[in-house]
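Colleague: I would like to go through this model with you, one question at a time. Please show it first.

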Amino acid sequence: MVFLMAGTATFSLKFSQHLFGTTEAYPFVEPLLFGAALLFATGDTLRKEGIKALRFDRKTIVAGIALGTFNFLTTFFTLQGLRFLPTTTFYPIYYGTAVVVTTILGAALFGEKISPRRLIGIGVALGAIVII
């Protein structure tokens with residue numbers, strides 16, 4: 001399911017780039033995507049859980065804002081990258097860098113050990129980026 005959703009998001013970003021290009025409408029793509037996601041998620045939550053599910057505490061609101069900000073910035077920079085690089089170059093760099101960054105953040109923030117296997121994975125990801 002994760003790969004299906006990631007693929008759908010990737011497709012929608014590339015499609016919006018193709019559809020809007022660099023016109024004046026392009027800056028509105030991201031808010032439209034997030035607005036549609038908000039409406040869909042709210043409707044689905046109401047359908048499954050009822051109105052009680054829409055009561056939030058402070059911790060939930062702060063976590064939602066933090067996650068929403070991160071997702072917004074990720075989408076914004078993805079759209080910017082797609083404006084300047086071809087898809088066949090951008091996505092391998094994007095996902096290869098994600099492997100490296102998440103491994104380093106996991107070690108730095110959560111004390112995870114970077115095993116030789118993970119080092120090899122980082123090396124392969126970086127090598128692929130250099131080759132591209």
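Colleague: Is Phe-90 buried or exposed?

Modeller: This is a predicted model, so the values are computed from predicted coordinates. The relative accessible area of Phe-90 is 9%. The cut-off for burial is under 20%, so Phe-90 counts as buried.

Colleague: How many aromatic pairs does the structure hold, and how are the rings of Phe-90 and Tyr-94 arranged?

Modeller: The structure holds six aromatic pairs. In the pair of Phe-90 and Tyr-94, the ring centres are 5.4 Å apart and the planes lie at 25 degrees. Planes under 30 degrees apart count as stacked, so the arrangement of Phe-90 and Tyr-94 is stacked.

Colleague: What separates Phe-90 and Tyr-94 along helix H4, and how exposed is Tyr-94?

Modeller: Both residues belong to helix H4 (residues 87-110), and because they are four residues apart, about one helical turn separates them. Tyr-94 has a relative accessible area of 29%. That value falls between the limits of 20% and 50%, so Tyr-94 is partly exposed.

Colleague: What is the angle between the ring planes of Tyr-91 and Tyr-95?

Modeller: Tyr-91 and Tyr-95 are four residues apart in helix H4, so about one helical turn lies between them. Tyr-91 is buried at 9% relative accessible area, while Tyr-95 is partly exposed at 39%. Their ring centres are 5.9 Å apart and the pair is stacked, with the planes at 20 degrees.

Colleague: Which residues does Ile-122 contact, leaving aside its neighbours within four places in sequence?

Modeller: Ile-122 sits in helix H5 (residues 116-131) and is buried, because its relative accessibility is 11%. Thr-103 is 19 residues away from Ile-122 in sequence, yet the C-alpha atoms are 8.1 Å apart. With those sequence neighbours left aside, the contacts of Ile-122 are Val-100 and Thr-103.

Conventions:
Residues are numbered from 1 along each chain as its sequence is written. This is a predicted model: local features need pLDDT of at least 70, side-chain atom pairs count only at pLDDT 80 or more; totals for chains, interfaces and linings use all residues. Side-chain values use heavy atoms; hydrogens and water are left out. Helices (H or I, at least four residues) and strands (E, at least two) are DSSP runs, numbered from the N terminus. Buried means under 20% relative accessible area, exposed over 50%, partly exposed in between (1.4 Å probe, protein chains only). Contact means heavy atoms within 4.5 Å. Rings of Phe, Tyr and Trp (its six-membered ring) pair if their centres lie within 6.5 Å; planes under 30 degrees apart count as stacked, over 60 as edge-to-face and the rest as tilted.
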